[in-house]
Amino acid sequence: MRSNGFQKPFNPMQMGTWVLLPTLLVQFIFFATPILPLAASIPCTICVFICGGCTAYFSYWCCKIDPMDHRLRSHLAHQNGETEGGNACHHQGRVEDDGDTKFCWVCGIDVHESSMHCKFCNKCVANFDHHCHWLNTCVGKENYNYFFWAVGSTLSMVFVRGGVLAGIVISFFIQYAQEMNGGGAGGDILERSNSWFGADAGLAVALVNSIFCAVDMVCILLLLQLFFFHIKLRHEGITTYTYIVRDGQRKRESDRKKMELERRRISALQQADREGETIKKWRLKAAGCPYGGDVICGPCDPLDKDRERQNQQSSTEGMDNEENRNIVHIITSNRNGSSSLDSENEGNGVGRGIDSKRDADCESIAEPYEGSEKKIDSDEQNGIEISAPSALHSAMERRKNHQANGNGEKKVEFLPTTGNRK
């Protein structure tokens with residue numbers, strides 16, 4: 001089990017990082033700083049070295065901090081305490097006992113639900129994001145911020161380096177071309193490059209700067225994509241692992257839909273061939289073309305129209321079912337309200353004063369539904385296919401008329417009681 005990124009075994013990408021960062025700084029101070037004008041040389045060099053120092057600082061702490069799950073850390077500390085005489089070691093982070101857990105079959109304990117087991121480090125990492133091969137460490141809850149700022153500082157360093165080197169290389173070749181064409185003396189960049197440490201090797205210096213400028217441009221493209229990718233993840237509040245899992249699910253769902261569409265297309269082509277519909281067959285083939293057919297010929301695809309028709313039917317059925325449930329709920333609530341009010345007043349000794357018209361109104365609302373239900377049962381027994389929404393619609397219309405006439409008010413008449421209360 002590896003505790004941090006500085007623990008063996010090291011990988012080639014990690015060792016390449018240890019070599020690349022000092023190389024970029026040394027190359028800049030030997031091949032760019034002496035060639036720049038003094039007014040630009042000092043601030044550009046300071047800026048590059050500050051960004052390089054931030055990169056080294058954030059990368060160091062990202063590798064040094066152990067992002068292990070707190071439950072696993074407590075478990076290991078408890079085991080070490082028992083073997084060392086009962087004095088358990090405690091980590092500075094607290095053990096999170098709240099939240100959902102899951103069982104890790106490799107570690108053999110319950111870990112937090114967002115933790116994942118890293119096969120490279122052989123441990124469960126809290127809020128696992130990914131395993132960074134350039135730093136050879138897992139990135140999780142404890143060290144994610146250091147990783148994010150390490151990427152940002154590295155991007156800043158190569159961005160400044162690339163801009164300075166690109167300016168030096170372009171200026172050198174422009175001045176070199178002017179001198180070769182007999183336009184007089186080249187310029188300051190060409191002169192300082194030729195007199196670089198007294199070597200008179202201006203083309204060699206320009207070639208080295210061109211190579212490292214190309215390296216910087218490649219690094220800028222890769223790091224810019226990575227940096228904005230993690231900005232997006234932070235905005236959505238998810239990890240890299242969660243994004244990969246979600247993206248895989250979307251791809252599988254998209255492949256499933258494509259396979260289903262292809263199956264329907266083959267079936268529709270066979271049906272159009274049997275029925276002799278040549279135009280429909282051409283439209284199906286054009287829309288099923290693997291290279292842009294769904295985009296170019298999508299509006300005339302018969303399968304899209306069939307899909308829209310099915311969606312409209314399903315939405316209509318859903319609205320009818322929802323309306324039916326609402327009507328049944330209204331009828332049930334009216335009946336329950338009537339019975340509860342009767343029982344309450346009977347308990348108080350004045351139950352006979354309930355307005356009987358209300359019960360009649362509720363029964364008049366429920367009557368079409370009950371009658372239609374009986375009629376549907378009898379028709380089904382006779383083999384007649386019939387649906388209930390017509391009766392339910394009539395019940396709703398009657399309820400609306402009942403409310404419009406002002407008969408929906410509940411009235412309670414209190415009977416006189418014996419004896420006067422003071």
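Select E260 to begin: its relative accessible area is 33%, so the residue counts as partly exposed. The model is predicted.

E253 is partly exposed at 34% relative accessible area, and R256 is partly exposed at 46%.

Next, select D216 and R161. Here the salt bridge has an N to O distance of 3.1 Å. It joins distant parts of the chain, with D216 in helix α6 and R161 in helix α4, 55 residues apart. Both D216 and R161 are buried.

Now show the two helices whole: α4 as residues 144–180 and α6 as residues 202–236. They pack at an angle of about 145°, and their axes are 7 Å apart. The crossing of α4 and α6 is left-handed. Residues of this contact comprise 26 nonpolar, eight polar and three charged.

For a salt-bridge network, select D66, R73 and K123. The structure holds seven salt bridges in total.

Finally, switch to a surface view and select F6, F10, M15, W18, V19, Y57, Y60 and W61, which make a nonpolar patch of about 770 Å². Helices α1 (12–31) and α2 (38–64) each give two or more residues to the patch. W18, in helix α1, is partly exposed, with a relative accessible area of 42%.

Notes
Residues are numbered from 1 along each chain as its sequence is written. This is a predicted model: local features need pLDDT of at least 70, side-chain atom pairs count only at pLDDT 80 or more; totals for chains, interfaces and linings use all residues. Side-chain values use heavy atoms; hydrogens and water are left out. Axes are lines fitted to C-alpha atoms, for helices over the stretch in contact, and angles run from 0 to 180 degrees between N-to-C directions. Helices (H or I, at least four residues) and strands (E, at least two) are DSSP runs, numbered from the N terminus. A crossing is left-handed if the near helix is turned anticlockwise from the far one by less than a right angle, and right-handed if clockwise. Ala, Val, Leu, Ile, Met, Phe, Trp, Tyr, Cys and Pro count as nonpolar, Asp, Glu, Lys and Arg as charged, and the others, Gly among them, as polar. Patches are made of residues with over 30% relative accessible area and no salt bridge: like charges are joined within 9 Å, nonpolar side chains (Val, Leu, Ile, Met, Phe, Trp, Tyr) within 5 Å. Accessible areas come from the Shrake-Rupley method with a 1.4 Å probe; for residues, only the protein chains shown count as cover. A salt bridge is a side-chain nitrogen of Lys or Arg within 4 Å of a carboxyl oxygen of Asp or Glu. Buried means under 20% relative accessible area, exposed over 50%, partly exposed in between (1.4 Å probe, protein chains only).
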